[in-house]
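Here are my notes on the model you asked about. Have the coordinates open while you read, and stop wherever you want to take a look for yourself.

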There are 2 protein chains.
Amino acid sequence: MSLTLAVDIGGTHIRVAAFEADSITPAAHTRTKSLAKTPGVYDRLVKAIESVWQEGNIAAIGIASPGPLDPHRGVILDTPNIPEWKNFPVAPKLSEHFGVPVFLDNDANLAGLGEWQYGAGVGHHDLVYITISTGIGGGVISHDQLLQGFHGMGAELGHMIIDPNGPPCGCGHNGHVESFSSGPAIARYVTEQLKAGQKSSLQADPGLSAVQIASAALEGDPLAISAFERAGHYLGIGVANYLAIFDPSILIFGGGVSQVGDLLFKPFKESLRRHVFHPHYLDDLVITEAALGDNAGLLGALALARMKSKKT
Amino acid sequence: MSLTLAVDIGGTHIRVAAFEADSITPAAHTRTKSLAKTPGVYDRLVKAIESVWQEGNIAAIGIASPGPLDPHRGVILDTPNIPEWKNFPVAPKLSEHFGVPVFLDNDANLAGLGEWQYGAGVGHHDLVYITISTGIGGGVISHDQLLQGFHGMGAELGHMIIDPNGPPCGCGHNGHVESFSSGPAIARYVTEQLKAGQKSSLQADPGLSAVQIASAALEGDPLAISAFERAGHYLGIGVANYLAIFDPSILIFGGGVSQVGDLLFKPFKESLRRHVFHPHYLDDLVITEAALGDNAGLLGALALARMKSKKT
């Protein structure tokens with residue numbers, strides 16, 4: 001039986017798994033370090049693939065990686081955790097080595113694709129997936145198609161300007177959704193307020209995290225609560241825009257920050273109701289958590305390889 | 001030979017035309033008033049269709065109308081110029097009457113579809129069409145598909161919030177692209193500046209139009225020039241967002257205000273370069289004017305009927 005192979009390039013490890021047709025449980029899997037003092041991550045990846053390759057006949061390989069990358073050419077332009085991969089044509093190289101088609105896309109797009117095929121979004125035709133962690137990323141399914149775009153850089157939902165005078169984003173621009181509602185944006189807001197003299201159980205600390213702020217908020221700290229209210233408020237503005245643009249039937253939230261629950265989602269939903277262009281967008285709209293957890297990227301890579309290899 | 005029939009519901013007239021396969025020149029056409037003191041616009045539409053019907057065997061009908069409307073059910077919810085059409089199922093009614101499939105969508109979506117099939121966007125796979133007149137509307141082709149959305153209300157590009165503290169939009173919300181860069185938004189800005197005492201060759205007048213302001217700008221009036229600079233600045237922010245979201249290969253501008261040329265597009269392009277999330281979005285991006293003029297809606301309705309009737 002023909003297998004599909006999925007690769008998820010994460011912050012510390014690269015996961016490789018082989019799946020039989022119609023299954024989302026790996027028939028074989030392994031992992032290797034993505035960060036390492038010695039170079040040779042590509043060779044380690046090849047060996048990892050070879051170790052599961054023995055299990056069967058592979059039809060195609062799908063790869064999820066942090067971007068920026070070019071999915072059309074299969075090139076990783078620059079990925080945060082693997083400094084030796086600059087403009088690295090990982091998909092063509094693996095395709096030549098293994099003699100099978102290899103497909104690449106960024107982890108947020110593929111988490112959206114994975115949720116649509118195997119997770120919280122099954123049965124929907126128009127889906128917006130939003131991951132909120134150190135950044136804010138998006139994956140969009142529109143009319144049963146993954147949105148990739150001409151340069152393969154579509155669905156960068158976190159980098160939508162919602163206030164030109166807003167705070168700086170990690171990318172260098174101002175007022176992006178990510179600059180208001182990501183984990184670091186929430187922490188920066190708390191730090192600024194502490195420096196301005198606001199009282200809180202929290203201490204100004206360069207390592208202050210959204211997790212610590214969430215704990216303080218759950219214990220009733222007013223500054224911590226207001227930090228999530230602010231993040232939810234701006235997230236509501238961003239999502240109101242996504243609705244006017246994509247008009248999805250389901251919104252799926254993933255990523256660490258999205259796990260704080262009502263702290264973020266209560267003010268988010270209030271803001272969304274207030275800012276949505278027309279209330280009809282909210283009729284029958286499902287708003288839910290991601291279902292695939294840490295497997296979203298891997299299963300998205302699987303979905304990509306299955307989808308694209310059917311077409312070729 | 002089988003013909004396709006297209007209907008464009010405009011501000012003053014409803015145009016009806018029949019097209020032979022592969023042609024975008026009407027084999028027969030007629031028009032009837034959309035605004036009239038006597039009711040019966042539906043009956044007049046039926047008669048208009050019957051008058052071109054004699055010309056051949058009609059396979060399908062496409063209709064472009066101002067929204068809001070539901071393209072999936074073929075229902076006009078509320079259209080500015082025809083007060084008697086509230087929740088009016090125009091497509092099912094015509095389909096029953098004439099015994100052919102009838103497809104409906106809003107005029108901005110269909111202008112985008114028309115430009116893609118027959119106009120400035122031929123050969124592109126990812127297209128964003130923006131019409132700037134009394135409102136700002138959008139039509140999006142993503143990966144060779146018209147973006148409609150779950151409720152059929154996708155691609156409302158003018159109603160994207162780009163500054164929550166921005167001016168009021170015609171829809172009642174604040175800080176939409178339309179509230180900065182539409183014709184009435186430009187006129188309102190000039191009026192406000194005149195009331196605040198700014199000197200200009202223009203006079204505060206409730207009927208002040210973007211056309212008058214453009215004339216004054218071309219004669220060197222500083223307030224009129226600054227009004228277009230401001231509109232172009234915010235349009236650049238909006239379009240930077242569209243690029244990060246859709247990553248198109250072509251942007252097409254239609255609508256009356258877009259015809260002012262450099263007055264708007266020079267500051268727009270400067271702002272776009274400054275605000276675009278990543279310069280790679282601009283590589284090989286075509287920015288151009290609409291090619292179909294007043295026929296965009298009619299030809300979009302034709303494209304819709306041809307496209308959808310192939311699928312059914």
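This is a predicted model: local features need pLDDT of at least 70, side-chain atom pairs count only at pLDDT 80 or more; totals for chains, interfaces and linings use all residues.

1. Overall build of chain A. There are nine helices and 13 strands in chain A. Its radius of gyration comes out at 20 Å, close to the 20 Å that the globule rule gives for 312 residues, so chain A is as compact as a globular protein of that length.

2. Packing in chain A. How much of chain A is buried? Of its 312 residues, 54% are buried. Sequence distance is worth a look too: take the contacts in chain A between residues at least 6 apart in sequence, and 62% of them join residues at least 24 apart.

3. Domains of chain A. The assignment divides chain A into domain 1, made of 2–111 + 294–311, and domain 2, which is 122–290. Note that domain 1 is written as two segments. The C-alpha centres of domain 1 and domain 2 of chain A are 28 Å apart. Nine residues from domain 1 of chain A and eleven residues from domain 2 of chain A make up the contact. On the domain 1 side, helix α3 (residues 107–118) of chain A gives the largest share, four residues. By class, that side of domain 1 of chain A has five nonpolar, two polar and two charged residues.

4. Strands β1 (residues 2–9) and β2 (residues 13–20) of chain A form a hairpin with three residues between them. Seven bridges join β1(A) to β2(A), and the two run antiparallel. For a landmark, find Ala6(A), whose bridge partner in β2(A) is Ala17(A).

5. More on β2(A). β2(A) is mostly covered, with six of its eight residues buried.

6. A sheet in chain B. Chain B has an open sheet of three strands in the order β5-β6-β7, with antiparallel pairing. Its edge strands are β5 (69–70) and β7 (86–88) of chain B, each pairing on one side only. β5(B) pairs with strand β6 (residues 75–78) of chain B over two bridges. One to click on is Asp70(B), which has Val75(B) as its bridge partner in β6(B).

7. Asp262(B). This residue sits in helix α8 (residues 262–275) of chain B. Is Asp262(B) buried or exposed? Asp262(B) has 12 other C-beta atoms within 10 Å, and 12 or fewer counts as exposed, so exposed is the label. Its C-alpha atom is 9.6 Å from that of Gly232(B), 30 residues apart along the chain.

8. Where the chains meet. The contact between the chains involves 36 residues of chain B and 36 residues of chain A. On the chain B side, helix α7 (residues 222–246) of chain B supplies the largest share, six residues. Sorted by class, this side of chain B has 18 nonpolar, 13 polar and five charged residues.

Key: Residues are numbered from 1 along each chain as its sequence is written. Chains are lettered from A and ligands numbered from 1 in the order in which they are written. Two residues are in contact if their C-beta atoms, placed from the backbone, lie within 7 Å. Ala, Val, Leu, Ile, Met, Phe, Trp, Tyr, Cys and Pro count as nonpolar, Asp, Glu, Lys and Arg as charged, and the others, Gly among them, as polar. Two strands pair if DSSP finds at least two bridges between them. A residue is buried if 20 or more other C-beta atoms lie within 10 Å of its own, exposed if 12 or fewer, and partly exposed in between; C-beta atoms are placed from the backbone. Domain bounds come from an automatic or database domain assignment. The radius of gyration is taken over C-alpha atoms; the globule rule is 2.2 Å times the number of residues to the power 0.38.
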